[in-house]
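Trainee: Could you walk me through how features of a model like this are read, beginning with the terms and then turning to the case at hand?

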Amino acid sequence: MHVVGVLAVDGVVGFDLTTVCQIFASAWSPGEESPYEVRVCAAEDVLVTAVGTGNFRLSAPFTLADLAGADTIVVPGLRSFRQPPAPEVLDLLTGAAARGVRIASICTGAFVLAAAGLLDGARATTHWDAAAQLAENFPRVRVDPSVLFIDNGQVLTSAGVCAGVDLCLHLIRRDHGAALAARAARRIVMPPYRDGGQAQFIEYERPGGSLQPTMDWMRDNLHRDLALDEIAMRARVSVRTLNRRFRAQTGTTPLRWLVLARVHRAQELLETTDLPVEVIADHAGFGSAAVLRRHFGERVGNSPIAYRTEFRRKQLR
């Protein structure tokens, strides 16, 4: 059982805090227990910030000492991120990092990681509105405000609000593969992956304007040679409108989204079947193993065979 410890201190942002609980609790397969246990840990009752609806008090079921048993620690965003974190919080995080614990932040939680020295010399991100402040306060951190999240291996950071969902799904995908991450995404009614950055200001259109049915159809037809004209016809819009709405809702173009969806389909097949790479390339719509390897390497940073080998090695641990 992988223990995810959520650090709760005064001023923690309610959405960020509960996002971690909801996403990891949604990562389970039918007939199997969840591979995660989530612990919300605090030194005492904490004041939670609920923007727009006032604040409330939270009595956490675990103490800060319980974070010592966590495999992953997540630091949610803080309303008072400009104030220095408590020394015991910094000691806790530096000690956990020294033990090899994976540590991630959501939104302005990056300020806590930076104060603990965990981001020195590394790329990091945070909410776009706080990025300049992070760079000014911690000049040794290479702040990149244009991405949804950054994975540095042991330490990860994510941008504001919904980017925390992207980060949590990424962690599930990293731990247990694309199939389980996709199940978790479906349970919370979110795309299993988004391509783009916070600088693109991904929008969510009013009811009736969503491309979700079109994207579902595209996933069901990944094996086919899908052209923009056919996708636009399915969405009942012009190609120009299709491109505009896709960028607004996903942060990317239909064809780039299609490539990403095909890479994730290939990941699922590599994880769950023994099919040869040539057959997987056909099922995922790449047409040839060479094209699959090129796109897979660009997106995943590994070859399909190496990915399958590494995934199965993790499952045997």
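Mentor: Let us begin with secondary structure: helices (H or I, at least four residues) and strands (E, at least two) are DSSP runs, numbered from the N terminus. In that scheme A124 belongs to strand β8 (residues 123-124). Bear in mind that this is a predicted model, in which local features need pLDDT of at least 70 and side-chain atom pairs count only at pLDDT 80 or more, while totals for chains, interfaces and linings use all residues. Residues are numbered from 1 along each chain as its sequence is written, and side-chain values use heavy atoms, with hydrogens and water left out.

Trainee: Is A124 buried or exposed, and which residues is A124 in contact with?

Mentor: Buried means under 20% relative accessible area, exposed over 50%, and partly exposed in between (1.4 Å probe, protein chains only). A124 has a relative accessible area of 0%, and therefore counts as buried. Contact means heavy atoms within 4.5 Å; leaving aside neighbours within four places in sequence, A124 is in contact with L119, V141, R142, V143, D144, I150 and T157.

Trainee: How should I read the pairing of strands, and which strands are joined to β6?

Mentor: Strands of a sheet pair through backbone hydrogen bonds, either parallel or antiparallel. Here two strands are said to pair if DSSP finds at least two bridges between them. Strand β1 (residues 2-7) is joined to β6 by three bridges, and the two run parallel, with V6 standing opposite V74 in β6. Four bridges join β6 to strand β7 (residues 102-105), again in parallel, and I73 stands opposite I103 in β7.

Trainee: What kind of unit do β6, α2 and β7 make?

Mentor: A crossover is right-handed if, with the strands pointing away from the viewer, the path from the first strand over the helix to the second runs clockwise. By that criterion, β6, α2 and β7 make a right-handed β-α-β unit.

Trainee: How many aromatic pairs does a search of the whole structure find?

Mentor: Rings of Phe, Tyr and Trp (its six-membered ring) pair if their centres lie within 6.5 Å; planes under 30 degrees apart count as stacked, over 60 as edge-to-face and the rest as tilted. The search of the whole structure finds five such pairs. In one of them, the rings of F81 and F111 have their centres 4.6 Å apart and their planes at 50°, so the pair is tilted. Because F81 lies in the loop between β6 (72-75) and α2 (87-98) and F111 in helix α3 (residues 110-115), the pair ties together parts that are 30 residues apart in sequence. Both F81 and F111 are buried. The rings of F111 and F138 have centres 6.4 Å apart and planes at 70°, so this pair is edge-to-face. It links distant parts of the chain, with F111 in helix α3 and F138 in the loop between α4 (131-137) and β9 (142-143), 27 residues apart. Together, F81, F111 and F138 form one aromatic cluster.

Trainee: Where does the charged end of R187 sit?

Mentor: A charge sits over a ring if NZ of Lys or CZ of Arg is within 6 Å of the ring centre and within 35 degrees of the ring normal. The charged end of R187 sits over the ring of W28, 3.5 Å from its centre.
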